[in-house]
Amino acid sequence: IVSQWAANEPRAAADFALREADGEKRNDLLQQVARQWAGLDSNAAMQWAQSLQTTTRDVALPAIIDAMAKTDPSAAAQLVTQISSDQAKIDAAGSIASRWSSQNPQDAGRWAASLPEGRAREQAFQNIINRWSRSDPDAAGAWLATLSQGASRDAAVSGFAGHITASDPQTAVQWAESIGDETVRNGQVESVLKKWLRSAPNAARSWVAASSLSDEMKAKLLS
């Protein structure tokens, strides 16, 4: 009902949502209004959001950003820095990355790489690679090769290796071995190799035996 109201009278619907006392319900209403309003008039929705108190603004802005990202992800991306809440910023970055990478993964990748290292960048990388590795794994791999070491790259490489294991397990394990964090690297290498051992045991066992993996890891995988 509120969403339909916001389609015709977004300001009145927004005022109604702000008067809701229950915190969770209030946030849900605000997000509905913000998303609907942004689809009608993103400038007016942004002016309204910027008039809100910080905590309320952080509820409305990700919904506005998500709506804008459907048609203009570049403009939506410029709004992420206006969010104060870390979790809201992570959600917004992830939403933009998903929307943008379905339209233009190269531009989405360049934007995500411009974000500072942190969880928002990590979420953006994960969402981009989830889409890109399915549509064009070669291009996705070329993008990964341009990234500097860090937690966000590790997350993207982990996702990429997981996606290509079925089609190219040897390349997948090579990517997994490039992960910087030792714990993440070992976990992803083991995950890829276990899948490879199930799908093509002879080839996988030969690779493991000739690899530079620790004797402990080899024994664990080949037992």
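Mentor: Let's start with Leu 52, which counts as buried because its relative accessibility is 11%. Buried here means under 20% relative accessible area, while exposed means over 50% and partly exposed is in between, all with a 1.4 Å probe and protein chains only. Before going on, keep in mind that this is a predicted model, where local features need pLDDT of at least 70 and side-chain atom pairs count only at pLDDT 80 or more, while totals for chains, interfaces and linings use all residues. Residues are numbered from 1 along each chain as its sequence is written, and side-chain values use heavy atoms, with hydrogens and water left out.

Back to Leu 52: you'll find it in the loop between α4 (42-50) and α5. Helix names like these come from DSSP runs numbered from the N terminus, with helices being H or I over at least four residues and strands being E over at least two. Not counting residues up to four places away in sequence, Leu 52 touches Leu 18, Arg 57 and Ala 60; contact means heavy atoms within 4.5 Å. Arg 26 sits 26 residues away from Leu 52 along the chain, and their C-alpha atoms are separated by 14 Å.

Now step into helix α5, where Ile 64 lies. Ile 64 is buried, since its relative accessible area is 0%. Setting aside neighbours within four places in sequence, Ile 64 is in contact with Ala 34, Ala 38, Ala 45, Met 46 and Ala 49. Ser 42 is 22 residues from Ile 64 in sequence, yet the two are 7.3 Å apart in space, C-alpha to C-alpha.

What about the nonpolar core? That term covers buried Ala, Val, Leu, Ile, Met, Phe, Trp, Tyr and Cys residues joined through side-chain atoms within 4.5 Å. The largest one has 73 residues, and Trp 48, Ile 96, Trp 111, Leu 144 and Leu 193 touch the most other members. Helix α5 (residues 54-69) gives this core its largest share, nine residues.

Take Leu 193 from that group. Beyond its neighbours within four places in sequence, Leu 193 is in contact with Val 173, Trp 207, Val 208, Leu 213 and Leu 221. Leu 221 turns up again beside Glu 190, which is in contact with Met 217, Lys 220 and Leu 221, again leaving aside neighbours within four places. Glu 190 is found in helix α13 (residues 182-199), and at 13% relative accessibility Glu 190 counts as buried too.

Next, the aromatic rings. The structure holds six aromatic pairs. One of them is Phe 125 with Trp 143, edge-to-face at 5.1 Å centre to centre and 80 degrees between the planes. This pair links distant parts of the chain, 18 residues apart: Phe 125 is in helix α9 (residues 119-135) and Trp 143 is in helix α10 (residues 137-144). Phe 125 is buried with a relative accessible area of 0%, and Trp 143 is buried with 8%. In another pair, the ring centres of Phe 160 and Trp 175 are 5.6 Å apart and the planes are at 85 degrees, so the pair is edge-to-face. That pair also links distant parts of the chain, with Phe 160 in helix α11 (residues 151-164) and Trp 175 in helix α12 (residues 169-176), 15 residues apart. For pairing, rings of Phe, Tyr and Trp (its six-membered ring) need centres within 6.5 Å; planes under 30 degrees apart are stacked, over 60 edge-to-face, and the rest tilted. Phe 125, Trp 132 and Trp 143 form one aromatic cluster.

Finally, zoom out. The protein has 15 helices and zero strands. Its radius of gyration is 22 Å, well over the 17 Å that the globule rule gives for 223 residues, so the protein is more spread out than a compact globule. That radius is taken over C-alpha atoms, and the rule is 2.2 Å times the number of residues to the power 0.38. Along the principal axes, the C-alpha atoms fill a box of roughly 70 × 35 × 30 Å. Of the 223 residues, 47% count as buried, Leu 52 among them.
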